[in-house]
Amino acid sequence: KRMPLTTYRRQGRGGQGIIGSDAKEGDFVEELFIASTHDYMLVFLTSGRMHWLKVYDVPSMARTSKGRAIVNLLEMPADEKICAVVAVRQFDSRFLVTATRGGQIKKTPLEAYSNPRRGGIQATGLAEGDEVVGVAITTGNDEIVLATADGKAIRFKETDVRPMGRTAAGVRGVHLRQGDQVVDMAIVDPGATLLTVCENGYGKRTGFDEYRAQSRGGYGIINIRTTQRNGKVVAVKTVREADELMLITSGGMIVRTGVDELR
């Protein structure tokens with residue numbers, strides 16, 4: 001579903017929040033982002049397929065409503081899961097970068113995704129058992145951070161990854177230790193900080209200058225300690241002081257707070 005941004009009033013950090021969606025039993029909110037009604041939504045599935053959806057085709061509903069089943073808006077198999085949604089106005093000279101749970105990364109010219117087809121297209125190739133966890137639009141000269149569930153992170157130049165076709169599987173972005181997996185990807189912004197969020201509700205902001213650039217495919221450095229208090233890492237985001245955060249629990253509760261309230 002879509003809602004006006006004014007639906008949510010700003011609250012102080014640490015509050016209980018307000019109900020953002022009346023999720024039915026066994027369901028939970030996974031993705032929240034800001035877009036114009038004229039944008040395309042590029043909907044990526046964990047299987048590596050991608051679908052197009054105009055934002056104005058998404059039904060506008062009340063804050064407490066459940067929303068429309070997305071299978072009614074897209075032609076996707078019932079057993080598929082959505083892993084990322086990107087809003088795009090123009091398919092220009094930028095790139096689309098995808099990261100997988102197994103540590104693979106790939107970039108493809110954005111214009112390769114500019115021809116909508118019913119039933120979607122294959123956006124990236126995947127090894128058996130792997131799945132897509134992060135998608136971002138880049139300029140071609142950005143730097144990328146991959147974060148793992150066990151609190152590791154690696155920063156490397158986008159130019160370390162050569163452009164590939166849509167169906168290519170990509171190259172190794174990070175070397176994972178046994179039992180670890182990639183949970184998210186962030187694009188480096190020198191004027192911003194990296195927000196890391198753990199599953200038990202704890203998180204922190206860290207300046208990008210504390211993450212030294214490495215070669216693609218290394219083990220990375222410690223990003224946060226995944227103690228019993230913190231739990232595993234669930235997300236990392238590039239944030240600026242003037243931004244506001246929407247934190248969503250698996251029970252459907254939303255807290256909206258300013259980034260500047262997190263030291």
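Strands, by the way, are DSSP runs of E with at least two residues, numbered from the N terminus, and two of them pair if DSSP finds at least two bridges between them. This is a predicted model, so local features need pLDDT of at least 70, side-chain atom pairs count only at pLDDT 80 or more, and totals for chains, interfaces and linings use all residues. Residues are numbered from 1 along each chain as its sequence is written, and side-chain values use heavy atoms, with hydrogens and water left out.

**The two open sheets**

- Arg49 has Gln122 in β7 as its bridge partner.
- Another open sheet has four strands in the order β12-β9-β10-β15, again with antiparallel pairing.
- Its edge strands are β12 (182-187) and β15 (221-222), each of which pairs on one side only.
- Strand β10 (residues 152-157) pairs with β15 over two bridges in the antiparallel sense, and the bridge partner of Lys152 in β15 is Ile222.

- Strand β5 (residues 95-100) is largely enclosed by the rest of the structure, because six of its six residues are buried. Buried stands for under 20% relative accessible area, exposed for over 50% and partly exposed for anything in between (1.4 Å probe, protein chains only).
- Both faces of β5 are covered: Phe95, Val97 and Ala99 are buried on one side, and Leu96, Thr98 and Thr100 are buried on the other.
- β5 pairs with strand β6 (residues 104-109) in the antiparallel sense over five bridges.
- Pairing with strand β8 (residues 132-138) is antiparallel too, and β5 makes six bridges there.
- Ala99 turns up in both pairings: it stands opposite Ile105 in β6, and its bridge partner in β8 is Gly134.

**Two hairpins**

- β5 and β6 form a hairpin with three residues between them, and Gly103 in the turn has a positive phi of about 95°.
- Strand β17 (residues 244-248) and strand β18 (residues 253-258) run antiparallel and are joined by five bridges, with Met246 opposite Arg256 in β18.
- The hairpin of β17 and β18 has four residues between the strands, and Gly252 takes a positive phi near 90°.

**Thr193**

- Thr193 lies in strand β13 (residues 193-198) and is buried, with a relative accessible area of 17%.
- Its side chain makes a polar contact of 3.3 Å with that of Arg205. A polar contact is a pair of N or O atoms within 3.5 Å; within protein, one must be able to donate a hydrogen and the other to accept it, and residues adjacent in sequence count only if both atoms are side-chain atoms.
- Leaving aside neighbours within four places in sequence, Thr193 is in contact (heavy atoms within 4.5 Å) with residues including Arg205, Phe208, Lys237 and Val239.

**Tyr40**

- Tyr40 is found in strand β2 (residues 40-45) and counts as partly exposed at 24% relative accessibility.
- Beyond neighbours within four places in sequence, Tyr40 is in contact with several residues, among them Trp52, Val86, Phe91 and Pro116.
- The C-alpha atoms of Tyr40 and Thr6 are separated by 22 Å, with the two residues 34 apart along the chain.
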